[in-house]
Structure formats: C-alpha cells, structure tokens
Amino acid sequence: MTDQTAGQDMIAADGMPLKKSLAKSLQREKMRALMLIAPLLIFVLITFIFPIGSMLFRSVENSIVQDTLPKTVVALQDWDELSGELPDEAVFTAFVEDFIIAVENKEHTRIGSRLNYEVSGMSSLFRKSARKVKKWDPVQDAPFRDKLIDVDKDWGDPATWSIIKTHSVKYTNGYFLNAIDMQRTAEGAQAQPEDKQILIKLFIRTVKMSLIITGMCILLGYPVAWILANLPNRSANMLMILVLLPFWTSLLVRTSAWKVMLQNQGVINDTLVWLGLVSNDARLEIINNQFGTITAMTHILLPFMILPMYSVMQTIPPSYLRAAKSLGATNWTAFWRVYFPQSIPGIGAGSILVFILAIGYYITPEIVGGTDGVFISNRIAYHISSSLNWGLAAALGAILLAVVLVLYWAYDKIVGIDNVKLG
Amino acid sequence: MALDNSRDAFVQFNRVQKSYDGETLVVKDLNLDIPKGEFLTMLGPSGSGKTTCLMMLAGFETATHGDIMLDGVSINNIPPHKRGIGMVFQNYALFPHMTIAENLSFPLEVRKMGKSEREEKVKRALDMVEMGAFGGRRPAQLSGGQQQRVALARALVFEPELVLMDEPLGALDKQLREKMQFEITDLAHRLGITVVYVTHDQTEALTMSDRVAVFNDGRIQQIAPPDALYEEPENSFVAQFIGENNTLEGVVKEISNGRALVQLDSGDLIDCKPINVSEPGQRTRVSIRPERVEFHKDRLSPDAHLLKATVKEFIYMGDIFRTRLSVAGNDDFIIKSRNAPDQVRLQPGQEIEIGWLADDCRALDA
C-alpha cells in the first residue's frame with residue numbers, strides 16, 4: 001500500500017488511477033449483463049418499439065401526394081385556393097404529366113384512396129380519369145384544361161384542386177384533426193360536419209366506460225381478494241383456481257358465453273320470464289349496448305384486479321387488525337382506518353392494470369357492444385382493416401396512448417406511482 | 001399456588017379448554033388466578049398453549065369450554081374492542097401508514113376523546129417511554145428498540161388496567177432486550193398495572209416476573225415466583241425447562257424422614273429429597289443443579305453418598321468454569337464453579353468424587 005496525500009488521485013495496484021480502474025472493471029460487468037439481456041432487448045426493439053414507432057409515424061406521414069404528383073404540387077403553389085377560380089393551364093398540364101406516370105406505375109389508385117379519406121368520390125374520380133388520361137400524350141394533346149373537365153366535371157370544381165393542394169404537405173396534422181372530429185381545409189382547421197362527428201364521443205365513452213369497469217372491478221374484487229388473503233392456504237388455493245379459471249379459457253369463448261347469457265332469448269332473460277319477473281314481450285335489453293359491454297368486460301378483467309390486490313393484502317399481517325381491535329376499534333373502524341389504507345397500493349395497481357387494459361379493449365365490445373357499446377379501439381380496427389385509413393388509425397392510437405400516459409401521470413401526482421405494489 | 005380466594009383475582013381462568021380442530025385440546029383444563037398489579041409470565045415451549053391463552057384473554061380466540069373472568073365479570077362474550085385490555089404484539093404491529101403520534105392517538109380517537117386531551121395523553125405516554133421527540137416520525141423510521149417503546153406506549157396510552165404482551169422482546173438483540181426487560185417491569189410497577197407476559201425465554205421470565213406459569217402440553221406445570229421455580233421445581237419438565245439441570249435416573253429404595261434413598265441405574269446409591277415420589281420401587285428422575293454440585297474434598301460431607309466422576313471437558317467461560325463429567329453412565333453431567341483465586345481447574349481425564357446436599361437433589365417423576 002502506498003502512502004496517499006489528500007487530493008491526489010488514488011492509484012490502483014497496477015499503477016492505473018483507481019477511478020479508471022474501477023470504471024473499467026465495472027464496464028466489463030455491465031457489458032456482461034447487457035449481453036445477457038441482449039436477446040430480449042433486440043426482440044423488444046424489433047417487435048415492439050419499432051412497429052409502434054412506425055405506426056405512430058404514419059399518423060403524420062403524408063408524402064404520397066408529393067411523391068406521386070410532384071410537378072402538380074409545385075405548380076399549385078402559385079394558385080390561390082381561396083380565390084374561387086380554377087388553377088391555370090400550367091397546373092393542368094403538370095397534373096396530366098404526373099398522372100400519366102402515376103398510371104404507368106399504377107399509383108393512381110393509391111393516391112385516389114388517400115384523397116378519398118378527405119372527400120369521398122376522389123377515388124372514383126382518379127380511377128375514371130386514369131382510363132382516359134393514359135391514352136394522352138403530354139406534349140401533343142395540350143392544352144388539357146377543357147379535356148380534363150370533359151372527362152369529369154369535378155376537375156372543373158376548384159374544391160378538387162384545393163383538396164390536392166391542402167393535402168400535399170409531406171407531414172400533415174390532418175389525421176390528428178380527423179381523429180378529433182376536425183378537418184384540414186384551405187381555410188385551416190375546421191370542425192367536421194355534425195353527422196361525421198363521432199370520434200370525440202367515442203373517446204369520452206371509452207374513458208367513461210373504462211372508469212365504470214374499473215370501479216366495478218374494485219367493488220367486486222376487493223372482497224374476493226380479502227377472503228383469498230385471509231383463508232388458510234388450502235382453501236385459498238381452491239378459490240384462487242376459481243379466480244384464475246377464466247384465464248385458462250379463450251377470451252372469445254368467454255365473451256361468446258356472455259352473448260348466450262345476455263341476449264334477448266338468452267339464459268338470463270329466459271329465467272326472468274320463467275320466474276315471472278319480466279313479461280315475455282318486454283324482455284330486458286342487456287346486450288348490444290353499454291350494459292352488455294360493462295358486464296362482460298368487468299367479468300373478463302376481474303382477475304387483473306384481484307391478483308394485485310391479493311398479493312398486497314397477503315403482506316398485511318393480521319396482527320394489525322388485532323392491534324386495532326385491542327386498542328378499542330370496532331371491526332369497521334379497524335378495517336377502514338388500519339386495513340384499507342394499507343391495501344390501497346393493491347387497489348392502485350389493479351386499477352391501473354384494469355383501466356389500461358379496458359381502454360384499449362377490442363374483442364368484447366365488438367361482440368357484445370352493439371353500436372352504443374363499442375370503444376374507440378373498434379373504430380381503430382375498422383380503419384386498419386376496412387377503410388384502410390391507417391393514418392387516421394395511427395392518429396387515434398397515438399391519442400389513446402397519450403390519454404393513458406396523462407392518466408398515468410395524474411395517478412403518479414395524486415397517489416404516487418411508488419405506492420403501486422404488485423406484491 | 002393459586003390464590004384461595006377467587007374474589008381477589010383480577011383475571012381468572014376457570015376450567016378453560018381450547019381446541020382448534022375438535023380433535024385435540026391445545027389448552028387442557030386451565031385454572032389460573034391473577035391478582036391485581038401482578039406481573040405474570042406464561043413461559044413454555046412453542047405449542048404449549050401459552051399464546052392461545054393470551055389470545056383468549058385478549059378476545060381473538062374463543063374458549064371452547066370454561067370461563068374467563070376479568071374483574072369478576074365473564075368476558076367470554078365481550079368482543080376484543082370492548083375489553084379495554086392493552087396489548088403489545090410480537091412484531092409491534094405499529095400502523096405503518098400513521099405517524100407515531102397518530103398511532104398513539106388512535107385508541108383515544110376511537111374512544112371519542114377531545115383533541116386537546118388526546119394530544120396531552122399522547123405526549124405524556126411518549127415522554128414516559130422517552131420517545132417524546134419522535135411523534136412526527138413513521139414506524140419504519142425507527143429502530144427496533146424505539147418501535148418497541150412506541151408499541152408499549154400505545155398499549156398504555158388509554159390507561160388499561162391489564163396489559164398483555166406477546167413475546168414483545170423477541171426481535172431485539174441481547175443487550176437491548178435486557179435493557180427493555182428492566183424498563184418494562186419498572187413501568188409496570190410504577191403504573192400498578194397487571195401484566196400477562198408471554199415468552200419462551202426463561203431468563204426473561206425469571207428476571208421480570210412476580211410469578212411464572214410454566215406451560216407444557218396445554219397445562220400449567222407449575223406456577224411460582226422465579227426463585228421457587230428455579231430452586232424447587234415440582235416436576236421433571238420444569239426442572240429441565242428452567243435453567244441448566246443434571247438428571248440421573250434410578251429406582252427409589254426407601255423413603256424416610258423426608259429423605260429418599262435412590263439406587264441409580266449404574267448401581268450407585270444417593271440421598272435425595274422426595275418431591276413426587278411416594279413409595280419404594282418407583283422409578284424416578286433425580287434432578288440437581290450444576291452449581292450445587294461439590295467436588296472439593298474438604299467441603300464434601302463425609303457421611304454423604306459420593307459418586308465417582310471422570311472429567312470429560314473443561315470450558316473456561318470467564319466468570320465461571322463449566323466442566324463436563326461422566327457420572328453414573330451420564331456423559332453430560334455438568335458442574336459449574338465460580339472463577340475464584342483458589343478455584344481448582346479440573347483437567348480432562350482426571351478422576352474425582354462429587355457430592356451434594358440431599359436437599360438440593362430432587363427426586364422427581366420419571
């Protein structure tokens with residue numbers, strides 16, 4: 001050991017500064033740890049972060065107009081879409097030139113569907129025009145203005161050109177505006193016509209129903225978790241199997257079972273009619289509405305509430321309740337003042353779990369939700385698989401993600417996320 | 001040893017039985033009277049029923065049969081929160097989500113006491129255990145010993161006349177435990193409260209209690225003040241359980257004038273005090289404390305029966321010497337001698353003769 005004076009760097013045995021030597025040895029350990037988790041890291045990157053990132057990117061990405069109609073976009077820049085007049089011949093010429101190439105590359109249908117998201121009819125306009133325009137020669141057949149209007153009178157409508165210009169930017173906020181029932185127009189962001197405003201309503205309904213479902217799960221799950229945590233091990237295991245049983249059944253089967261239970265001619269209605277509580281011609285409407293969704297989803301998500309509650313309650317020693325009683329508290333006071341506050345972390349964990357699962361739920365609302373029991377995710381699924389408006393689907397998804405994050409943040413502020421315990 | 005006059009008993013167990021499964025009795029026919037102001041310890045190995053008795057007294061378990069009386073009133077059907085009994089738990093059971101002051105205030109709040117009165121009592125109770133400066137802290141911020149004091153203060157703050165303690169010092173280290181033993185007894189006597197204390201630590205039981213009830217197999221084996229318990233065990237379980245003890249087995253040859261002549265299994269004869277043997281021919285287990293065994297030739301009485309012994313091991317323990325001997329077929333016969341200037345240090349292999357006063361050698365049940 002060498003004698004060190006204060007302020008001087010400590011030297012390791014091999015003469016290197018101690019700090020450097022320590023960092024080096026720690027780095028080796030860190031690298032080794034990193035190597036161990038590398039497969040998982042790569043897996044998560046490839047299957048989770050990258051797809052989500054690319055999906056979120058789609059909500060603003062809009063290069064298709066620029067890429068397919070490059071000359072038209074440039075030519076349209078000089079045109080004032082608010083003048084109410086048609087663009088000049090240069091724009092028409094540029095458009096025909098672009099369009100011929102697009103038709104050759106079979107890209108005209110794609111841009112047609114893209115613009116069709118904004119105004120219906122654009123897709124058929126592009127398709128119809130393509131059949132004529134592909135026979136034209138960009139030099140000999142000019143001018144095109146009247147010819148194009150002859151093909152379809154919509155080309156003589158300044159609104160058509162306005163749409164192309166408005167949506168020609170490379171990154172657009174159009175999808176997000178659509179997602180909150182607004183639209184991108186020449187005059188800036190405007191509200192959608194009232195008959196098309198459904199998404200905000202769906203968002204509010206999704207959050208509201210998720211909150212109701214979370215609340216129902218707390219009410220139903222708390223006593224079950226309490227019993228589980230206080231039974232002797234053997235009986236607790238039996239009950240635990242009952243709690244977990246739904247996990248081992250397909251989600252689709254469970255939801256379909258609810259359909260059998262709840263429908264008009266279903267088990268519950270039949271029983272009520274048989275008991276005479278409900279007359280045969282006034283059977284209860286308990287499916288294909290919000291009631292159906294809330295009932296089925298509460299049942300399906302209940303284990304996610306019970307399990308964290310149970311694991312937190314298990315860690316609360318029974319001596320606390322005994323102590324409270326020995327100090328003079330009635331059963332209720334002992335529970336409310338001593339047991340309940342300590343079980344809050346479990347309620348918090350279960351609520352976050354259930355709420356986040358509920359807000360993005362898809363299958364159950366789809367099957368038992370009818371029209372007024374569906375969630376925003378059903379709309380997202382519709383845009384992904386039916387309307388193929390992935391940009392809007394991505395924007396809706398991004399908003400959903402933001403809502404969850406905001407609620408998570410709010411929870412952290414109010415309750416504190418370190419209060420959440422899963423065991 | 002139970003008090004004859006049951007009117008003097010503050011706490012009374014009257015033929016109490018307890019069974020959890022309906023097949024075996026955990027507590028068998030328990031009779032116990034505790035006068036006001038007594039510090040009574042229930043001592044016994046785990047599973048002996050002592051904690052069950054405490055829980056029945058606190059009201060967390062119901063007696064299967066028999067009456068438990070508190071101040072002359074049967075409390076069998078009174079729920080725990082109406083019994084007004086203070087209790088200190090093994091793990092302290094301080095409420096983790098409340099501060100120390102809130103913990104102490106809790107029993108006063110549920111008694112609907114006014115705020116100023118509450119604050120005053122909490123302060124007084126905390127000062128009593130020298131924890132006055134810690135009212136604003138959470139239990140997790142305190143050391144084990146501090147939590148112990150707070151638990152004690154909480155059990156006393158609503159001024160109960162009876163306080164139960166369930167192995168309250170089990171989690172503390174040795175030094176702290178000894179300090180707390182003294183503080184608890186001091187506090188109990190100062191306040192004049194009745195304490196029922198459960199432990200499996202015999203040193204704790206002996207140093208703290210007015211009387212100790214030794215439990216085994218669901219019964220009280222002996223209930224007596226500490227000195228009587230140690231020096232005059234009434235059966236071989238108590239003799240074995242309390243303190244260190246040497247046993248030799250044999251058969252009673254004759255009993256006369258308060259003396260029993262016992263022939264050990266090795267053939268040797270010794271004089272004993274008959275405790276629970278009554279006639280010749282009975283098998284007996286003879287009990288003798290290690291510090292009552294004499295091996296100095298000049299101090300041995302010449303007419304007493306002596307036994308030959310071989311020194312097996314000599315252990316230096318500082319204040320005492322602990323020597324292991326082989327006596328009459330027993331290889332674990334221990335003797336203890338004080339570390340004094342004239343004390344003899346026995347060498348392994350040495351052959352000696354040992355003896356004792358007949359009164360110190362108790363012939364118990366086999």
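Predicted model: local features only at pLDDT ≥ 70, side-chain atom pairs only at ≥ 80, totals over all residues.
A residue counts as buried under 20% relative accessible area, as exposed over 50%, and as partly exposed in between. Over all chains, the structure holds 33 salt bridges.

Side chains of opposite charge can pair when their charged atoms come close. In chain A, one such pair is Arg283(A) with Asp270(A), a salt bridge with an N to O distance of 2.8 Å. Asp270(A) sits in helix H13 (267-275) and Arg283(A) in the loop between that helix and helix H14 (290-314), so the bridge ties together parts of chain A that are 13 residues apart in sequence. As for accessibility, Arg283(A) comes out at 14% and counts as buried, whereas Asp270(A), at 34%, is partly exposed.

Chain B has a pair of its own in Glu159(B) and Lys121(B), whose closest N and O atoms are 3.5 Å apart in a salt bridge. Here the link is between distant parts of the chain, 38 residues apart: Lys121(B) belongs to helix H3 (residues 115-128), and Glu159(B) to the loop between helix H4 (144-156) and strand E7 (162-166). Lys121(B) is buried at 15% relative accessible area, while Glu159(B) is partly exposed at 48%.

Then there is the matter of shared partners. Glu130(B), Arg149(B), Lys179(B) and Glu183(B) are joined into one network by salt bridges that share partners.

Note on methods. Residues numbered from 1 in each chain as written. Chains lettered and ligands numbered in written order. Heavy atoms only, no water. Salt bridge = Lys/Arg side-chain N within 4 Å of Asp/Glu carboxyl O. Helix = DSSP H or I, 4+ residues; strand = E, 2+ residues; numbered from the N terminus. Buried < 20%, exposed > 50% of the residue type's maximum accessible area, 1.4 Å probe, protein only.
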